[in-house]
Amino acid sequence: MRLHIVGTGSLGNTYLLESTTECLIIDCGMPFSEVKKHLNFEVGKIVGCVADHFHGDHFKFFKQYID
């Protein structure tokens, strides 16, 4: 497994814990479009998303992740 940092800091936090076949998103503080870029648009790999707490920099874009 690999940990990819999509964004970190006060502008937004999002991390991808990725294997060759699956990806778990940790936090949704960055736009979903950035996640898709990091996954080469292989969104079928996504198995879930967790947020470690509900501050804006970790949870701001959650609606994009559930649509």
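1. Glu 18 has a relative accessibility of 11% and counts as buried (buried is under 20% relative accessible area, exposed over 50%, partly exposed in between, with a 1.4 Å probe and protein chains only). The model is predicted, with local features needing pLDDT of at least 70 and side-chain atom pairs pLDDT 80 or more, while totals for chains, interfaces and linings use all residues. Residues are numbered from 1 along each chain as its sequence is written, and side-chain values use heavy atoms, leaving out hydrogens and water.

2. The partner of Glu 18 is Lys 45: the two form a salt bridge whose closest N and O atoms are 2.5 Å apart (a side-chain nitrogen of Lys or Arg within 4 Å of a carboxyl oxygen of Asp or Glu). Glu 18 belongs to strand β2 and Lys 45 to the loop between α1 and β4, so the pair ties together parts 27 residues apart in sequence. Lys 45 also counts as buried, at 11% relative accessibility.

3. A search of the whole structure returns two salt bridges. Besides the pair above, the side chains of Lys 37 and Glu 34 meet at 3.3 Å, N to O. Both residues sit in helix α1, three residues apart, or about one turn of the helix. As background, side chains of opposite charge can pair when their charged atoms come close.

4. Next, the overall layout. The chain contains three helices and four strands (DSSP runs numbered from the N terminus: helices are H or I with at least four residues, strands are E with at least two). Read from the N terminus, the elements follow the order β-β-β-α-β-α-α. The C-alpha atoms occupy a box of roughly 30 × 25 × 20 Å along the principal axes.

5. On overall packing, the radius of gyration of the chain is 11 Å, in agreement with the value near 11 Å for a compact globule of 67 residues (taken over C-alpha atoms; the globule rule is 2.2 Å times the number of residues to the power 0.38). Of the 67 residues, 31% count as buried.

6. The four strands make an open sheet in the order β1-β2-β3-β4, with mixed pairing (strands pair if DSSP finds at least two bridges between them). At the edges are β1 (2-7) and β4 (46-50), each of which pairs on one side only. From one strand to the next the twist averages 20° (axes are lines fitted to C-alpha atoms, for helices over the stretch in contact, with angles from 0 to 180 degrees between N-to-C directions).

7. β1 and β2 (residues 14-18) run antiparallel and are joined by five bridges, with Ile 5 opposite Tyr 15 in β2. β3 (residues 23-26) and β4 run parallel, joined by four bridges; here Ile 25 stands opposite Cys 49 in β4.

8. Together, β3, helix α1 (residues 32-38) and β4 form a right-handed β-α-β unit (right-handed if, with the strands pointing away from the viewer, the path from the first strand over the helix to the second runs clockwise).

9. Backbone angles deserve a look at two residues. Most residues other than glycine have a negative phi. Asp 27, not a glycine, has a positive phi of about 75°; this residue is in the loop between β3 and α1 and is buried, at 1% relative accessible area. Phe 41, also not a glycine, has a positive phi of about 65°. Phe 41 lies in the loop between α1 and β4 and counts as exposed, at 56% relative accessibility.

10. The whole structure holds three aromatic pairs (rings of Phe, Tyr and Trp, the last by its six-membered ring, with centres within 6.5 Å; planes under 30 degrees apart are stacked, over 60 edge-to-face, the rest tilted). Phe 54 and Phe 59 have ring centres 4.6 Å apart and planes at 85°, so this pair is edge-to-face. For Phe 59 and Phe 62 the centres are 4.5 Å apart and the planes at 10°, so this pair is stacked.

11. Phe 54, Phe 59 and Phe 62 make up one aromatic cluster. Phe 59 is partly exposed at 22%, and Phe 62 is partly exposed at 30%.
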